[in-house]
Amino acid sequence: ITRCGEKVRVNKGSYVLTAPNFGCTPESCTATYRWEIQRVGSSQVITGTGKNFPYQFAENGVYNIKIIPICGGRECEPCQIQIHVGRVIGTVNPDVAIDSSIRDLLP
């Protein structure tokens, strides 16, 4: 599990990124999610939607991930993480769950 604002290291390959649970007000409103993934040094931004977002990290490098929760049609404060893709020795979990529990503590 990775928290908003953190960095994580993974091997090249396919992963499923899972957005943190965001609470909307009013509580009857369910959050939807928009994703932006950009490899540092590239001008290309990959976008997607949904709570779970599959992505193939095909090249080594640093990727900035932005998860934008949308409540009642309005964008809320995004959760951002950075993924460093390269050779990692040991077991790598193919799913990256993102925890927002410290999001409000970040500057």
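Me: What makes strand 9 (residues 79-85) count as largely enclosed by the rest of the structure?

Reply: Five of the seven residues of strand 9 are buried, so this strand is largely enclosed by the rest of the structure, where buried means under 20% relative accessible area, exposed over 50% and partly exposed in between, with a 1.4 Å probe and protein chains only. Strands are DSSP runs of E with at least two residues, helices are runs of H or I with at least four, and both are numbered from the N terminus. This is a predicted model, in which local features need pLDDT of at least 70 and side-chain atom pairs count only at pLDDT 80 or more, while totals for chains, interfaces and linings use all residues. Residues are numbered from 1 along each chain as its sequence is written, and side-chain values use heavy atoms, leaving out hydrogens and water.

Me: Why is glutamine 82 called buried, and which residues is it in contact with?

Reply: Glutamine 82, found in strand 9, has a relative accessibility of 18% and therefore counts as buried. Apart from neighbours within four places in sequence, glutamine 82 is in contact (heavy atoms within 4.5 Å) with Glu6, Lys7, Val8, Val62, Tyr63 and Asn64.

Me: Which strands pair with strand 9, and in which sense, parallel or antiparallel?

Reply: Two strands pair if DSSP finds at least two bridges between them. Strand 2 (residues 7-10) runs parallel to strand 9 and is joined to it by four bridges, with arginine 9 standing opposite histidine 84. Strand 7 (residues 61-71) pairs with strand 9 in the antiparallel sense over seven bridges, and there isoleucine 65 stands opposite isoleucine 81.

Me: How do you know that cysteine 4 and cysteine 79 are joined by a disulfide, and what is its handedness?

Reply: The two sulfurs are 2.0 Å apart, and a disulfide is a pair of cysteine sulfur atoms within 2.5 Å, a rule under which the count comes to one. The torsion about the S-S bond of cysteine 4 and cysteine 79 is about -110 degrees, so the disulfide is left-handed. The pair links distant parts of the chain, since cysteine 4 lies in the loop between strand 1 (2-3) and strand 2 and cysteine 79 in strand 9, 75 residues apart. Cysteine 4 counts as buried at 1% relative accessibility, and cysteine 79 is buried at 0%.

Me: What makes the pair of phenylalanine 57 and tyrosine 63 edge-to-face?

Reply: Their planes stand at 80 degrees, with 4.9 Å centre to centre, and the pair is accordingly edge-to-face. Phenylalanine 57 counts as buried at 1% relative accessibility, and tyrosine 63 is buried at 3%.

Conventions: Phe/Tyr/Trp six-rings, centres within 6.5 Å; stacked < 30°, edge-to-face > 60°.
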